[in-house]
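Here is a short briefing on pockets and a helix contact, meant to be read with the model open beside you. Please have a look at the structure first.

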Amino acid sequence: MLLDAPGKPLRAAEIPEPQPSPGELLLRVRACAVCRTDLHIVDGELEHPKLPLVVGHQIVGDVVGDDRRVGIPWLGWTDGECRYCRAGLENLCDRAQFTGYDRDGGYAELAVADERYCFALPDGFSAVEGAPLLCAGLIGYRALTFTGDAELVGLYGFGASAHIIAQVARHQGRRVFAFTRDGDGDGQRFARSLGAKWAGGSSETPPEELDAAIIFAPVGALVPLALRAVRKAGVVVCAGIHMSDIPSFAYELLWGERVLRSVANLTRRDGEELLALAPEIPIRTEVEAFALEEANEALDRLRSGGLRGAAVLDMSAPPTGTKES
(Lines give C-alpha, C1' and ligand atoms only; values in the text may rest on other atoms or scores of the structure.)
Protein backbone atom coordinates (compact mmCIF):
# COMPACT_ATOMS: atom_id res chain seq x y z
CA MET A 1 0.00 0.00 0.00
CA LEU A 2 1.89 2.98 -1.37
CA LEU A 3 1.82 6.68 -0.42
CA ASP A 4 2.43 8.81 -3.51
CA ALA A 5 1.88 12.20 -1.87
CA PRO A 6 0.75 13.46 1.54
CA GLY A 7 -2.98 13.98 1.80
CA LYS A 8 -3.79 11.23 -0.69
CA PRO A 9 -5.07 7.75 0.15
CA LEU A 10 -2.65 4.86 -0.05
CA ARG A 11 -2.95 2.81 -3.23
CA ALA A 12 -2.40 -0.87 -3.86
CA ALA A 13 0.69 -1.25 -6.02
CA GLU A 14 3.09 -3.86 -7.34
CA ILE A 15 6.65 -2.63 -6.77
CA PRO A 16 10.02 -4.37 -7.26
CA GLU A 17 10.97 -6.84 -4.55
CA PRO A 18 13.28 -5.08 -2.06
CA GLN A 19 16.88 -6.24 -2.10
CA PRO A 20 18.81 -6.36 1.20
CA SER A 21 22.26 -4.79 1.35
CA PRO A 22 25.03 -6.28 3.50
CA GLY A 23 23.92 -6.18 7.15
CA GLU A 24 20.24 -6.11 6.20
CA LEU A 25 17.52 -8.77 6.36
CA LEU A 26 14.76 -9.49 3.89
CA LEU A 27 11.52 -10.12 5.76
CA ARG A 28 8.20 -11.62 4.82
CA VAL A 29 5.82 -9.35 6.70
CA ARG A 30 3.28 -11.16 8.86
CA ALA A 31 1.70 -8.15 10.58
CA CYS A 32 2.17 -4.41 10.87
CA ALA A 33 0.40 -2.35 13.50
CA VAL A 34 -1.05 1.01 12.48
CA CYS A 35 0.44 3.95 14.39
CA ARG A 36 -0.68 7.53 14.75
CA THR A 37 2.71 8.50 13.31
CA ASP A 38 1.66 6.73 10.10
CA LEU A 39 -1.38 8.99 10.12
CA HIS A 40 0.77 12.09 10.63
CA ILE A 41 2.90 11.05 7.62
CA VAL A 42 -0.08 10.28 5.38
CA ASP A 43 -1.83 13.52 6.37
CA GLY A 44 1.30 15.61 5.72
CA GLU A 45 1.89 16.68 9.32
CA LEU A 46 5.39 15.19 9.26
CA GLU A 47 7.25 16.78 6.38
CA HIS A 48 9.76 15.37 3.90
CA PRO A 49 9.04 11.62 3.88
CA LYS A 50 10.63 9.53 1.18
CA LEU A 51 8.18 9.41 -1.73
CA PRO A 52 6.74 7.20 -2.97
CA LEU A 53 6.70 5.48 0.40
CA VAL A 54 5.57 2.27 2.03
CA VAL A 55 4.56 3.43 5.51
CA GLY A 56 4.42 1.29 8.63
CA HIS A 57 6.95 0.70 11.39
CA GLN A 58 5.49 -1.81 13.86
CA ILE A 59 6.47 -4.81 11.80
CA VAL A 60 6.55 -8.49 12.66
CA GLY A 61 8.18 -10.55 9.95
CA ASP A 62 9.86 -13.84 9.17
CA VAL A 63 13.44 -13.63 7.95
CA VAL A 64 13.59 -15.02 4.42
CA GLY A 65 16.02 -17.92 4.38
CA ASP A 66 15.93 -18.90 8.05
CA ASP A 67 13.39 -19.57 10.79
CA ARG A 68 13.67 -16.33 12.79
CA ARG A 69 10.68 -14.10 13.48
CA VAL A 70 11.68 -10.54 14.35
CA GLY A 71 10.17 -7.16 15.16
CA ILE A 72 11.06 -3.93 13.37
CA PRO A 73 10.53 -0.58 15.14
CA TRP A 74 10.43 3.08 14.08
CA LEU A 75 14.19 3.60 14.58
CA GLY A 76 15.66 1.92 11.51
CA TRP A 77 19.29 3.09 11.33
CA THR A 78 21.77 5.36 13.14
CA ASP A 79 25.36 6.32 12.33
CA GLY A 80 26.79 5.27 15.72
CA GLU A 81 29.26 8.14 15.54
CA CYS A 82 27.50 11.42 16.34
CA ARG A 83 27.55 13.02 19.79
CA TYR A 84 24.13 11.57 20.60
CA CYS A 85 24.99 8.00 19.61
CA ARG A 86 28.23 8.19 21.60
CA ALA A 87 26.26 9.41 24.64
CA GLY A 88 23.78 6.50 24.50
CA LEU A 89 21.06 8.66 22.93
CA GLU A 90 20.83 6.97 19.55
CA ASN A 91 17.17 7.99 19.41
CA LEU A 92 18.42 11.56 18.80
CA CYS A 93 21.00 10.67 16.13
CA ASP A 94 21.42 13.56 13.69
CA ARG A 95 21.45 11.16 10.71
CA ALA A 96 18.88 8.63 11.94
CA GLN A 97 16.65 6.91 9.44
CA PHE A 98 13.15 5.85 10.40
CA THR A 99 11.15 2.87 9.19
CA GLY A 100 8.12 3.81 7.13
CA TYR A 101 9.41 7.38 6.72
CA ASP A 102 13.00 7.43 5.39
CA ARG A 103 12.95 3.69 4.63
CA ASP A 104 10.08 1.68 3.19
CA GLY A 105 8.07 0.04 5.94
CA GLY A 106 5.62 -2.72 6.63
CA TYR A 107 2.40 -2.01 4.70
CA ALA A 108 3.66 -4.60 2.24
CA GLU A 109 4.29 -8.31 1.80
CA LEU A 110 8.10 -7.90 1.94
CA ALA A 111 10.37 -5.46 3.75
CA VAL A 112 14.07 -4.90 4.33
CA ALA A 113 15.56 -3.92 7.70
CA ASP A 114 18.98 -3.27 9.21
CA GLU A 115 19.70 -6.38 11.27
CA ARG A 116 21.06 -4.24 14.13
CA TYR A 117 17.57 -2.77 14.60
CA CYS A 118 15.63 -6.03 14.57
CA PHE A 119 14.29 -7.29 17.90
CA ALA A 120 13.86 -10.88 18.96
CA LEU A 121 10.19 -11.32 19.87
CA PRO A 122 9.07 -12.95 23.12
CA ASP A 123 7.26 -16.25 23.18
CA GLY A 124 3.51 -16.26 23.63
CA PHE A 125 2.67 -13.48 21.16
CA SER A 126 1.25 -14.04 17.70
CA ALA A 127 2.42 -11.68 14.96
CA VAL A 128 -0.80 -9.66 15.24
CA GLU A 129 -0.65 -9.50 19.05
CA GLY A 130 3.03 -8.58 19.13
CA ALA A 131 3.07 -5.86 16.49
CA PRO A 132 1.67 -3.05 18.73
CA LEU A 133 4.51 -3.59 21.20
CA LEU A 134 7.00 -2.28 18.63
CA CYS A 135 6.01 1.38 18.86
CA ALA A 136 2.84 1.88 20.89
CA GLY A 137 4.49 -0.23 23.56
CA LEU A 138 8.08 0.99 23.17
CA ILE A 139 7.37 4.73 23.04
CA GLY A 140 4.95 4.36 25.93
CA TYR A 141 7.55 2.43 27.91
CA ARG A 142 10.19 5.12 27.31
CA ALA A 143 7.68 7.78 28.39
CA LEU A 144 6.88 5.81 31.54
CA THR A 145 10.57 5.59 32.48
CA PHE A 146 10.70 9.40 32.40
CA THR A 147 8.13 9.54 35.20
CA GLY A 148 10.70 8.09 37.61
CA ASP A 149 9.17 6.43 40.64
CA ALA A 150 5.80 8.20 40.29
CA GLU A 151 3.07 6.21 42.00
CA LEU A 152 -0.01 8.04 40.67
CA VAL A 153 0.28 8.25 36.89
CA GLY A 154 -2.25 9.88 34.56
CA LEU A 155 -2.56 8.67 30.96
CA TYR A 156 -4.13 11.20 28.59
CA GLY A 157 -5.54 9.47 25.51
CA PHE A 158 -6.36 5.82 26.16
CA GLY A 159 -5.53 4.15 22.87
CA ALA A 160 -2.86 1.82 21.51
CA SER A 161 -0.02 3.05 23.73
CA ALA A 162 -1.93 3.74 26.92
CA HIS A 163 -3.69 0.37 27.02
CA ILE A 164 -0.27 -1.34 26.97
CA ILE A 165 1.46 1.02 29.39
CA ALA A 166 -1.40 0.82 31.87
CA GLN A 167 -0.55 -2.88 32.22
CA VAL A 168 3.16 -2.13 32.67
CA ALA A 169 2.43 0.56 35.26
CA ARG A 170 0.15 -1.73 37.26
CA HIS A 171 2.81 -4.46 37.17
CA GLN A 172 5.25 -1.94 38.65
CA GLY A 173 2.87 -1.17 41.51
CA ARG A 174 1.70 2.20 40.23
CA ARG A 175 -1.87 3.51 40.24
CA VAL A 176 -3.24 4.51 36.85
CA PHE A 177 -5.69 7.35 36.17
CA ALA A 178 -7.04 7.31 32.61
CA PHE A 179 -8.24 10.35 30.65
CA THR A 180 -10.27 9.89 27.47
CA ARG A 181 -12.19 12.23 25.21
CA ASP A 182 -14.97 13.83 27.22
CA GLY A 183 -18.05 11.61 27.14
CA ASP A 184 -16.21 8.50 25.92
CA GLY A 185 -17.85 6.04 28.28
CA ASP A 186 -16.67 3.01 26.31
CA GLY A 187 -13.06 4.16 26.50
CA GLN A 188 -13.35 4.79 30.22
CA ARG A 189 -14.83 1.34 30.81
CA PHE A 190 -12.00 -0.15 28.76
CA ALA A 191 -9.45 1.66 30.95
CA ARG A 192 -11.08 0.43 34.14
CA SER A 193 -11.11 -3.12 32.76
CA LEU A 194 -7.32 -2.87 32.53
CA GLY A 195 -7.01 -1.80 36.15
CA ALA A 196 -7.26 1.99 36.03
CA LYS A 197 -8.20 3.27 39.49
CA TRP A 198 -10.16 6.11 37.91
CA ALA A 199 -11.22 7.01 34.38
CA GLY A 200 -12.80 10.21 33.18
CA GLY A 201 -12.80 12.90 30.51
CA SER A 202 -9.66 14.88 29.73
CA SER A 203 -11.22 18.10 31.02
CA GLU A 204 -12.01 16.53 34.41
CA THR A 205 -9.94 16.93 37.55
CA PRO A 206 -8.77 13.56 38.93
CA PRO A 207 -9.78 12.70 42.50
CA GLU A 208 -6.14 12.84 43.65
CA GLU A 209 -3.12 14.90 42.65
CA LEU A 210 -0.99 13.00 40.16
CA ASP A 211 2.72 12.39 40.55
CA ALA A 212 3.13 12.32 36.78
CA ALA A 213 1.15 12.38 33.55
CA ILE A 214 1.86 11.04 30.07
CA ILE A 215 0.10 12.67 27.12
CA PHE A 216 -0.44 10.22 24.26
CA ALA A 217 -3.10 12.19 22.39
CA PRO A 218 -1.53 14.67 19.90
CA VAL A 219 -3.46 17.56 21.42
CA GLY A 220 -1.44 20.49 22.71
CA ALA A 221 -4.39 21.81 24.73
CA LEU A 222 -3.94 18.84 27.08
CA VAL A 223 -0.60 20.16 28.35
CA PRO A 224 -2.02 22.87 30.66
CA LEU A 225 -4.67 20.41 31.88
CA ALA A 226 -2.03 17.84 32.74
CA LEU A 227 0.17 20.42 34.47
CA ARG A 228 -2.80 21.46 36.54
CA ALA A 229 -3.39 17.83 37.55
CA VAL A 230 0.13 17.02 38.74
CA ARG A 231 1.53 17.92 42.15
CA LYS A 232 4.54 20.15 42.78
CA ALA A 233 7.70 18.51 41.38
CA GLY A 234 5.44 16.40 39.15
CA VAL A 235 6.34 15.47 35.58
CA VAL A 236 4.32 15.80 32.38
CA VAL A 237 5.67 13.75 29.47
CA CYS A 238 4.53 14.40 25.89
CA ALA A 239 4.88 11.04 24.15
CA GLY A 240 3.91 11.86 20.57
CA ILE A 241 6.19 12.67 17.65
CA HIS A 242 3.75 15.38 16.57
CA MET A 243 1.35 17.51 18.58
CA SER A 244 -0.86 20.48 17.85
CA ASP A 245 0.36 23.79 19.23
CA ILE A 246 0.44 24.14 23.01
CA PRO A 247 -1.65 27.13 24.08
CA SER A 248 -0.18 29.75 26.37
CA PHE A 249 -0.74 29.10 30.06
CA ALA A 250 -0.06 30.82 33.36
CA TYR A 251 3.43 30.32 34.73
CA GLU A 252 1.93 29.15 38.02
CA LEU A 253 1.00 25.86 36.33
CA LEU A 254 4.68 25.14 35.73
CA TRP A 255 5.96 26.71 38.92
CA GLY A 256 6.64 24.47 41.90
CA GLU A 257 9.40 22.65 40.04
CA ARG A 258 7.01 20.84 37.74
CA VAL A 259 8.71 19.39 34.66
CA LEU A 260 7.42 19.34 31.09
CA ARG A 261 9.36 17.20 28.63
CA SER A 262 9.04 15.30 25.36
CA VAL A 263 9.95 11.81 24.25
CA ALA A 264 11.64 11.36 20.89
CA ASN A 265 11.77 7.97 19.19
CA LEU A 266 13.22 5.00 21.07
CA THR A 267 16.49 3.22 21.73
CA ARG A 268 17.29 -0.45 21.25
CA ARG A 269 17.65 -0.71 25.01
CA ASP A 270 14.01 0.38 25.41
CA GLY A 271 13.00 -2.40 23.07
CA GLU A 272 15.05 -5.07 24.79
CA GLU A 273 13.70 -4.11 28.22
CA LEU A 274 10.03 -3.99 27.25
CA LEU A 275 10.10 -7.17 25.17
CA ALA A 276 11.74 -9.01 28.07
CA LEU A 277 9.06 -7.66 30.43
CA ALA A 278 6.06 -8.33 28.15
CA PRO A 279 5.69 -12.09 28.83
CA GLU A 280 6.42 -11.62 32.53
CA ILE A 281 3.45 -9.30 33.10
CA PRO A 282 2.01 -10.71 30.71
CA ILE A 283 0.93 -7.86 28.43
CA ARG A 284 -2.24 -8.53 26.48
CA THR A 285 -2.76 -6.29 23.47
CA GLU A 286 -6.27 -5.42 22.34
CA VAL A 287 -6.22 -5.48 18.53
CA GLU A 288 -8.55 -5.11 15.59
CA ALA A 289 -7.18 -6.83 12.49
CA PHE A 290 -7.46 -5.49 8.94
CA ALA A 291 -6.29 -6.97 5.64
CA LEU A 292 -3.42 -5.17 3.91
CA GLU A 293 -5.83 -3.80 1.29
CA GLU A 294 -7.86 -2.22 4.11
CA ALA A 295 -5.00 0.04 5.28
CA ASN A 296 -6.88 3.23 4.35
CA GLU A 297 -9.86 2.07 6.36
CA ALA A 298 -7.65 1.33 9.37
CA LEU A 299 -6.13 4.82 9.13
CA ASP A 300 -9.60 6.37 8.86
CA ARG A 301 -10.72 4.52 11.97
CA LEU A 302 -7.67 5.76 13.85
CA ARG A 303 -8.22 9.31 12.60
CA SER A 304 -11.82 9.32 13.83
CA GLY A 305 -11.05 7.80 17.22
CA GLY A 306 -13.11 4.72 16.39
CA LEU A 307 -10.63 2.10 17.58
CA ARG A 308 -10.35 0.27 20.87
CA GLY A 309 -6.71 -0.64 21.43
CA ALA A 310 -4.63 -0.98 18.25
CA ALA A 311 -5.32 -1.57 14.56
CA VAL A 312 -3.09 -4.18 12.93
CA LEU A 313 -2.66 -5.12 9.30
CA ASP A 314 -2.70 -8.91 9.20
CA MET A 315 -1.06 -10.15 6.02
CA SER A 316 -2.88 -13.47 6.27
CA ALA A 317 -6.33 -11.85 6.49
CA PRO A 318 -8.47 -11.63 3.35
CA PRO A 319 -10.31 -8.35 2.72
CA THR A 320 -13.63 -8.40 4.53
CA GLY A 321 -15.25 -5.34 3.03
CA THR A 322 -16.17 -2.25 4.98
CA LYS A 323 -16.04 -2.69 8.74
CA GLU A 324 -18.54 -0.93 10.95
CA SER A 325 -17.28 2.08 12.87
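This is a predicted model: local features need pLDDT of at least 70, side-chain atom pairs count only at pLDDT 80 or more; totals for chains, interfaces and linings use all residues.

**Second largest pocket**
- This pocket holds about 750 Å³ of space.
- Its lining counts 32 residues, and those closest to the centre are Y107, A108, E109, L110 and L292.
- Two or more lining residues come from each of β2 (24–34), β8 (110–114) and α3 (127–130).
- Sorted by class, the lining has 20 nonpolar, 10 charged and 2 polar residues.

**Largest pocket**
- Here the space amounts to about 1200 Å³.
- R36, G157, G159, F216 and A217 are the closest to the centre among the 50 lining residues.
- Elements that each supply at least two residues of this lining include the helices α1 (36–42), α4 (136–145) and α5 (160–171), as well as the strands β11 (175–180) and β17 (310–314).
- The lining is made up of 27 nonpolar, 17 polar and 6 charged residues.

**Helix pair α4 and α8**
- Besides giving residues to the lining of the largest pocket, α4 has an axis that comes within 9 Å of that of α8 (residues 268–277), and the two cross at roughly 105 degrees.
- The two helices are therefore roughly perpendicular.
- On the α4 side the contact uses G137, L138, Y141 and R142, which meet D270, G271, E273, L274 and L277 of α8.
- Among the residues of this contact, 4 are nonpolar, 3 charged and 2 polar.

Terms used
Residues are numbered from 1 along each chain as its sequence is written. Side-chain values use heavy atoms; hydrogens and water are left out. On a 1 Å grid over the protein atoms alone, a cavity is a set of points where a 1.4 Å probe fits but cannot get out, and a pocket is an open set with protein on both sides within 12 Å along at least five of seven lines; lining residues have an atom within 4 Å of a point. Grid points are joined across faces, edges and corners, and a volume is the space filled by probe spheres set on the points. Helices (H or I, at least four residues) and strands (E, at least two) are DSSP runs, numbered from the N terminus. Ala, Val, Leu, Ile, Met, Phe, Trp, Tyr, Cys and Pro count as nonpolar, Asp, Glu, Lys and Arg as charged, and the others, Gly among them, as polar. Axes are lines fitted to C-alpha atoms, for helices over the stretch in contact, and angles run from 0 to 180 degrees between N-to-C directions. Angles under 35 degrees count as roughly parallel, over 145 as roughly antiparallel, 65 to 115 as roughly perpendicular and the rest as oblique. Contact means heavy atoms within 4.5 Å.
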